[in-house]
Structure formats: C-alpha cells, structure tokens
2 protein chains.
Amino acid sequence: MKKVELTAGKLKGLKMLADREGKFRMLAIDQRGSLQRMLASASGKDKSEIGYKDLALAKRLVTQYLSPYFSATLMDPQFGVPESLKYLAKTSGLLVAREKSGTVAAGYNNREKKTVLLDGWSVEKIKKTGADAVKLLLYYRPDSTPEIKEYQENIVRQVGEECKKFDMPFVLEPVGYAFKDDEPSTDSAVYAKKKPDIVLKITEEFSKEEYGVDILKLEFPVNLKYVKEFHNGYFDGKEREAVYTLKDAEDMCYAITRTSRLPWVILSAGVDITEFVYNVEIASKEGASGFLAGRAVWKEFAKYYPNEEDMVAWLSTSGVTNYWRLYEASKKAVPYFENKQFKSFANIQLADSGEDWYKKY
Amino acid sequence: MKKVELTAGKLKGLKMLADREGKFRMLAIDQRGSLQRMLASASGKDKSEIGYKDLALAKRLVTQYLSPYFSATLMDPQFGVPESLKYLAKTSGLLVAREKSGTVAAGYNNREKKTVLLDGWSVEKIKKTGADAVKLLLYYRPDSTPEIKEYQENIVRQVGEECKKFDMPFVLEPVGYAFKDDEPSTDSAVYAKKKPDIVLKITEEFSKEEYGVDILKLEFPVNLKYVKEFHNGYFDGKEREAVYTLKDAEDMCYAITRTSRLPWVILSAGVDITEFVYNVEIASKEGASGFLAGRAVWKEFAKYYPNEEDMVAWLSTSGVTNYWRLYEASKKAVPYFENKQFKSFANIQLADSGEDWYKKY
C-alpha cells in the first residue's frame, strides 16, 4: 500500500494537537465578543467597560488552570496570546485564530455574513509564535447568495495556501447561521430541520483538497434541544418541537464521517456542558476524532468575575471536572492517524523522506 | 522591577525545551560520523557500508524509545528528522542541528577547525518543521588564530540573527579541541590543565548579546579523569596524572555560572554514563540548568546493531535507567526562569505585551 505523505510541519502540528491516544481533546479560549458580554453581565458593567485587561486576565486564568488537561489550546492574538502564552502547559498544543471577531453584514437583506481576517495578523506571524496550527472561523451557508459563498470560499483558500506555505495544520470551523425569511434564528424548528443538511454540505465542500484544510471543526449536525428524547426542556427548561430523534443524530454524525475526507472534531457553540457531553459522545461513537470545546467547558467561571479567587476555584474544580466528562464522552473518538486519509500510523511518512529530504524540504 | 521581555517564539521555545520543573533534561541523537563508526564497529563492516538506512533506523529507535522521557530531543536533518519526527514524543521539545557534520581543517599547521553550515538547510527550514529550537555545534578555541576565531564568531552571529528573525531559541554548543604543539589530544594532562580556562573564556565570549544565543551547551570545565579522586583509572581503567581535585571541578562550574549571562547545560561528549552522572551532578549543584546528553545515554545500544530487537530491549531498559540516573543527578539544576537573566517566572513577560501586541509582532 502506498504510504500517505505529510510534510514535517503538518505532521509535527497534528501530533501536537492530539493527546497520547491520538485524539483531539482541545480547549477554545479565543472568544472575544461573547466573553466580553459574559464579563459585563457578571460585573453589572456595560460591555464597553470590559477592556483588554479584563479579557486578558480571564483568558489567562482559563489557560493556566485548564490547558494542562487539554491536548491543545486555541487562543486569539488580541487578548489571548500576549498574556496567556506564558501560562500554556507544555503538553497542550497551540492553535491561534486568524479571523477578526465578528462578521460583516452582507448579501440577502444584509442578513448574510462575511468573514474578515484580522488586520495586522497573519499565518506567518502565527507560525513565528511557535504555534502548532491555524484556526479560521467561517460563517457559511451552502445556500447563500453566490457572491457571498465565493467570497467566503476564497478566504478559506487563501488561508489554506498560507498554511501550506508555512507548513502548519489548518483547522477550519465553518458554522451555519440563520438568514432566510423563514428562519427566525438558529434556535427554531425551521432552522433545526435544515441544520443536518447545512452541516453535511459544509463538510462536503471543505473536504475538497483545494481548500488545504487539515481538520474540520464542525457543529453538531442536529440541535439536541429539538430531538424527541430531549425536546421537553431537558437541557434548559424550554419546551420545543420534536423534529428528529437521537437515532437521527447518530445517523447524521455518521453521514459526516462518511462524507468528510478529513478528521473532524465537534465544537461546543455555547451550549451547556450536559448537552455538549451528549454531542461529544454521539459524534465520537460515529467517527469524530474528538472535540474543540469552548464555553461549554468554562463559561460558568465568568459568573465570578471580577473575583479572581472564585474564578480560579471554579476552574480548578468544576472546569477540570468538565474536562473529565468530555474525556469520558470521547473515549470512542477515532485517533487522527486512523482517519480514512491515513488509515494507520504505520501508513504515514514524511513527504520526500530519504537522504535528500533536507534539501527538498 | 522592570520585567524581562521575551518574544513569543523564544518564550514558547524555551518552555518546550524544559520539563515541568523548568529544567532542561534533553537528549541528543544528532550524531552522524560518530554513530556511523559505532554501527560499523558493531556489525564488523566498514564505515562506508553504513548508510542512510542504518543511521536513520538507529536514530528512529532512540527517538521512539527515549524521547518520551527527555524534555527535548535534538535531531539532525539528514538522518534524523526524515524518519524520526513521526516518533518524537509530544512531551519532548524538538531541537534541530544547523551545522554540517565534521569540520574543515584550517589555520595553524592545519590543525584548527572551521564549522560549515549544512548546505540546503536553514534556520527558516528548521522553523518550518515546527521545531522549537536551533542548535549549532562550534569548535572554538579562545586562543586560536585571529582569522579562525573571527570566522567562527561570524557563523554564530549569522545563526543568531536568523534565530531572531524566525523567533526561535538558539542553543550554541561551543566545544574546545587540541591543536597546539604541546597538546597531543584533549585526553592529555596538558590539555586537561588548559580546559577550565578554555571553557570559561568560551562562556564569556558567547554570553555576549551580539551573538543572540539563548542557551549555552557547554563541556564540563574539567576532565574528571584527571582529578585526584578519579585519576587512578576509576572511569576507564587507565591511570592518568592528577591535575586538579573535585573541589576544583565545583569551583569551575560555579565560575561558569557566574560568568554566563545565559542558562547553561552540560554536554556529554562521548563519556560513559557513570562519568557523565558526576558531570551533571556537579554542574547542577553549581548552577547549570540541566543537560543535553548524547552518547552517554544511548551509546551501548549500538553494540547490538543490526539486531533491532536487542537494540530496542537495551534502549527500553538500560537507556531508560540512564535517563533516571541523569534525572536524579540534575535535581539541583536551576529552572531556566530562575536564571539571572529572568530571576523569576513572574518577572518574564511577552515583549510588547498589550492590546497592540499582534500588530507589533
């Protein structure tokens, strides 16, 4: 069997993102707008009063107390890296975000979204920090207006090219959103019904080699609040329409695994830990390679802001417990090297391996 | 107190080289010529018959079975990286060599040595692999002919500049050698007497900021085979002149600590593990930050070449034991962040840390 070749930076990067089981059990603390809102609400301040120092401190605490558990940590370059890098555990790989927080309204009724890369930042700079991977958040609808789709796809291609040039893994996070007339929000039965198809088409699109993506960070393909087994307010007390079953959720995750050329991980999208544990368990059982979890892991610590002692106490107890719940839930996750792309560890080798590797590289 | 600023790549790199105690307990498997000779001798072949495959296999086995123990692993790009990178433990940082194996004869009676950088290789490529640091081996005598000294110093400056540009730690390994008429070899009483002064002057020279070095990898400043306590053939059965005492060895290590602006580690230079354990113990007690150990750790495994099963059995038992002996011997080593340059962990911060860090970086 012909071996699958990986360049040195991509191989080293993938290894740094996975844990010793070869699974991606990653932490996201690159939130900007959403964390700002949480800290404002906790301290009874206006969002505008929550500045660099507040965000940098919160991110630093999450990094310091939780990164020792997670196989990798995702930071943003504005409020994360400058204060948190020093506190990143050696055992946790480093991903850094490339995009600017927020999006530009565009397209149909100005309800579509365009991603903007962070000005003054680059894949080259991410590589320079010693980071192991680049992450790009991309709002995307397979059924959006053609010029918006093309615009978004071009950004992915561009970042993919740069990741190739600087030889580091590219983690793409394509996320659907509501913009059509019949979609009041993503938390609606209408959107819930469309979600499986959106996530699957996203998977199909960004699995294409032309984008240069290495890992897909995906939404759970159904909204568990709308499954028959949980629709009665199981997660948040609010009753919703039952639009599918747990079996549908499993089938959809399996469909993603079949469709994706790449290892994929599940994102937490602000849901509570209990719901996210279900997401991770189902996705892992159906072929995901782990998770990249943000607010689901740490959001409650923000309630203690600005009391640092309480924030730390929460992180080092409940935060750590959340890691272990996710660890358990992801026991069946597929090691990255068993992904269909590689098939097995033995089947991976360095591209151009041999006596002249260092000249060709 | 003004904080000490480190750039992101240098800070991340240093963290990756140290273990959780902040100490450098590093493994060197970048030997080329010396490993070739060992494998030839073990298999009864001529040196010329030991090629890429033999060297690459030996290096891969050392990496696979020992890197999980050491805080970092030093590889060469010719026979190491292409086969070994895949097997590097995630917990072990990666250093890659910049120089070509061997030196060019020059200067006085053609007995002086000039370092040659490996053609087709670069600091930029080292960075691209995702490595954490660059290592340069430099033969150097403070009392060599001026043009040779200048030539060697210029190479250090050049690599130092490139490490700054690509923002990664620079580990310099300046090593003395015998070349004067009264010096039959480094294993002579004449050379042993000169060694403390050579190592100390080397420390003084390459501590200068102009070279851009981050960690000094130094020889033990005395030759323990010539100390009063061991001169009677303690290490290798061969009796030698007693030219100093163990107390002198301690004093010389302490002198290095006082002289060096930088964290320093001790190299093993082919001595046996028993002698190296003494080196590490004394150096650590007197202010070194750990070791970067090569043949002392693994050389006996080469005797089993080409029997892979025996090589692996040796590495995973005696090789691992050697790590633990060195771990114990380096218990008093100084964490890098307690080095005089930094004073304490709290005193380190990212250069240009703050809201505009990502723009300025």
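User: Why is A:G354 called partly exposed?

Analyst: In this predicted model, A:G354 has 14 other C-beta atoms within 10 Å. A residue is buried with 20 or more other C-beta atoms within 10 Å of its own, exposed with 12 or fewer, and partly exposed in between, the C-beta atoms being placed from the backbone. The count of 14 falls in between, so A:G354 is partly exposed. Local features need pLDDT of at least 70 and side-chain atom pairs count only at pLDDT 80 or more, while totals for chains, interfaces and linings use all residues. Residues are numbered from 1 along each chain as its sequence is written, and chains are lettered from A and ligands numbered from 1 in the order in which they are written.

User: Where is A:G354 found?

Analyst: A:G354 is in the loop between β12 (348–350) and α12 (357–360) of chain A. Helices (H or I, at least four residues) and strands (E, at least two) are DSSP runs, numbered from the N terminus.

User: What puts the buried residues of α2(A) on the same side?

Analyst: In α2 (residues 33–43) of chain A, A:L35, A:Q36, A:M38 and A:L39 are buried. These residues cover an arc of only 160° around the axis, so they lie on the same side of α2(A); the arc is that of the directions from the helix axis to the C-beta atoms. Their cover includes α3 (52–66) of chain A.

User: Why is α2(A) called roughly perpendicular to α3(A)?

Analyst: The two helices pack at an angle of about 100°, with their axes 10 Å apart. Angles under 35 degrees count as roughly parallel, over 145 as roughly antiparallel, 65 to 115 as roughly perpendicular and the rest as oblique, so α2(A) is roughly perpendicular to α3(A). Axes are lines fitted to C-alpha atoms, for helices over the stretch in contact, and angles run from 0 to 180 degrees between N-to-C directions. A:L35, A:Q36 and A:L39 of α2(A) meet A:D54, A:L55 and A:A58 of α3(A), where contact requires C-beta atoms, placed from the backbone, within 7 Å.

Terms used:
Contact = placed C-beta atoms within 7 Å.
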